[in-house]
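Dear colleague,

Please find the structure below, handed over for your own work. The findings follow directly after it.

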2 protein chains.
Amino acid sequence: MNLKQLSDQLGLSQTTVSRALNNYPEVNEDTRERVKNAARKHSYRPNTRASGLATGKSMTIGHIIPMNSTEVFNPIFGEFIAGASRAYSKRGYELSLTMVQEDSEESIYREIASKGSVDGVIVHAPRVNDSRIALLQQLQLPFVIHGRDNSNETDYSWIDMNNRRAFYQATKLLVDLGHSRICLVNGSESLNFAWRRRLGYVDALDDEGLSVSADLMYSGDLTEANGYNAASDALAQSDAPTAFLVSSYVGALGVRRAIHNAGLVMGKDISVIIHDDELSYFQNDGDIPQFTATRSSVRDAGERAAMMLLDIIDQPDKSPLTELLDAPLTIGASTGPVKKLM
Amino acid sequence: MNLKQLSDQLGLSQTTVSRALNNYPEVNEDTRERVKNAARKHSYRPNTRASGLATGKSMTIGHIIPMNSTEVFNPIFGEFIAGASRAYSKRGYELSLTMVQEDSEESIYREIASKGSVDGVIVHAPRVNDSRIALLQQLQLPFVIHGRDNSNETDYSWIDMNNRRAFYQATKLLVDLGHSRICLVNGSESLNFAWRRRLGYVDALDDEGLSVSADLMYSGDLTEANGYNAASDALAQSDAPTAFLVSSYVGALGVRRAIHNAGLVMGKDISVIIHDDELSYFQNDGDIPQFTATRSSVRDAGERAAMMLLDIIDQPDKSPLTELLDAPLTIGASTGPVKKLM
DNA sequence: ATCGATATCCAAAGCGCTTTAAATATTTTG
DNA sequence: CAAAATATTTAAAGCGCTTTGGATATCGAT
């Protein structure tokens, strides 16, 4: 059933039917009722492509997810998108998902812009000195970044958590507990978030007068295996760390396994603080959470980012929107005072 | 830059330019070259909505992901979609993602069908007696199900793994190792896959002459917490199980935590077999995998499902396609002969 | 009854593309 | 060299919607 058929059936013009359905004021309330009932009855919906052509809008938001060469699909993307989709369904938008190898990223953005298939995009996983910001500005495609650039954070819209502060505080807590050998198990530090977290970690050690050792800093995809390997490696060092600071729950699972394997007990022999994105299938709460953690819901961030983008699309000349989410530190069972081994 | 502008610039008709770009044979090779170069130079791409309107195809596939009331976003969806998107990008399709509460599912499918915004859909997480199959057939929307119906598996297309066989074999292995109290930690059994797995488990116990105890069957969202709670509960029973069969890696992490908490050692005191969907951030391989597991790559399933759907769309009168993936059992460190406790 | 204002409806253009039907060039053939 | 065949190009219609500009109906006030 299309508009023509529906309006023929009703004995009305396409104009009137279209206006009735789109709640334009210049149509009689009785007719509007009649039209809406008929539409419901035949479950008529305006064809997306046709109305998009006519209005110049696609009512679709693109999410472009970078895949690196290791082909790891970071679970936080799924959770972020679950949040974003809440906003879209509320406001009548659709979500288009594209996964792209880093090396063809620029051409994909160009393609998306010229095809006009989306009204805006969410940029995931910004890197250090990410070229996508300038590109998108040039392409005139509305966008919101989940994260930030490192050099410039004023002339575009973003939502981010306070990575640096979170890791500063976490590091400081470990130092206050007496730890001086603290191992950082971080995400890939070509990514902005991981770079910021490292900054927080290093700053805190500096401020506390502790040395920063390259041997205690690991970075890579936040997989269970990488967490395990990093922690195993660190624990085998002659001057092994007594605490770990881990950038994700998933990575921390590997760290915990390594600790167990070394015959140590997490929370007693070794302290661990994680950043917890609050993935729905890894709840870290309850009276005493498993892990001491800095916490920030990535699903929530997804919803806010999406709303922000829709606002920008509605009001194009508004100045950029930014939002910095806090990631409070909550104490769980995985931390304790340093224990002198011997 | 649109088609009119491009063809004006070239001094050709829109027809010829369009044909040149779409590789129609009736255009001179020289002109084609000229057109393609100009298109590249101005980075012209046909507007998606316009060409969609003209051809009647949207070149996008919809993925509809059910969210239950617990709001858990199952990580396998992300991984499946990562696979599917590979197929789409190869064949020029886009991916539209919709998350939907179970109660509004039917209306969403109807809406999608009448809006015509997708050429086909992938159906995720089929339930026992799922009404969506009949609905989609009625709506004439091409679809592929990741999973199957329980009563009928002939007149529609699906891709599934052999859930029943996998869990039959896994159960049998545990029995062969001497276990007789085997606890099943399953997904929500209103879902088809979990229902089939339970069938395999029950059949194997029956065949081996062992009793099936309701106390040893848990089902629910496959979260870490649920795995932990189920296993903790089971281990506290007077006649506690000596082995666990767990439907996912994530759930098994919880089970493992409960085993540790009970002061037991996985692989020695307690055996565990999981189903491993081969999530990219939870590799369970190496010389001796952590977990004995039935394995089947869900990312691979995603890619195959997508290709299957695209084939169906290309050749609508072809009979339904089906594919049953095997999930071979591989031995890891988490299983061993039953140990008499005392 | 008549006029202007207001409410309600409609015909037709246009969004940017593909494709049908037809026109024009170019080759081939006898 | 003309006719027939083939190669190449084009004008125009149409996809299903929104929206502009106008038409028609209705109403209160004169």
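Setting aside neighbours within four places in sequence, B:Phe282 is in contact (heavy atoms within 4.5 Å) with A:Glu224, A:Val250, A:Leu253, A:Phe282, B:Tyr249, B:Val250 and B:Leu253. This is a predicted model, in which local features need pLDDT of at least 70 and side-chain atom pairs count only at pLDDT 80 or more, while totals for chains, interfaces and linings use all residues. Residues are numbered from 1 along each chain as its sequence is written, chains are lettered from A and ligands numbered from 1 in the order in which they are written, and side-chain values use heavy atoms, with hydrogens and water left out.

B:Phe282 also belongs to the largest nonpolar core, which has 150 residues. The members that touch the most others are A:Phe244, A:Val272, A:Phe282, B:Phe244, B:Val272 and B:Phe282. A nonpolar core is here a set of buried Ala, Val, Leu, Ile, Met, Phe, Trp, Tyr and Cys residues joined through side-chain atoms within 4.5 Å. Buried means under 20% relative accessible area, exposed over 50%, and partly exposed in between (1.4 Å probe, protein chains only). In soluble globular proteins, nonpolar side chains tend to be buried together.

**Salt bridges**

Over all chains, the structure holds 63 salt bridges, each defined as a side-chain nitrogen of Lys or Arg within 4 Å of a carboxyl oxygen of Asp or Glu. Three of them are described here.

B:Glu111 pairs with A:Arg45, with 3.4 Å between the closest N and O atoms. This pair joins two chains, because B:Glu111 lies in helix 6 (residues 105–115) of chain B and A:Arg45 in the loop between helix 3 (29–41) and helix 4 (48–55) of chain A. Helices (H or I, at least four residues) and strands (E, at least two) are DSSP runs, numbered from the N terminus. B:Glu111 is partly exposed at 24% relative accessibility, and A:Arg45 is partly exposed at 33%.

Within chain B, B:Glu153 forms a salt bridge with B:Arg196 at 3.7 Å between the closest N and O atoms. B:Glu153 sits in the loop between strand 4 (143–146) and strand 5 (157–161) and B:Arg196 in helix 9 (residues 192–207), so the pair ties together parts 43 residues apart in sequence. B:Glu153 is partly exposed at 32%, whereas B:Arg196 is buried at 8%.

The side chains of B:Asp269 and B:Lys339 meet at 2.7 Å, N to O. They link distant parts of the chain, 70 residues apart: B:Asp269 is in the loop between helix 11 (249–261) and strand 9 (271–276), and B:Lys339 in the segment after strand 12 (329–330). B:Asp269 is buried at 10%, and B:Lys339 is partly exposed at 37%.

A base nitrogen of DNA strand C lies 2.6 Å from an N or O atom in the side chain of A:Thr15.

Kind regards

Definitions and conventions
Polar contact = N/O pair within 3.5 Å; in protein donor to acceptor, adjacent residues only side chain to side chain.
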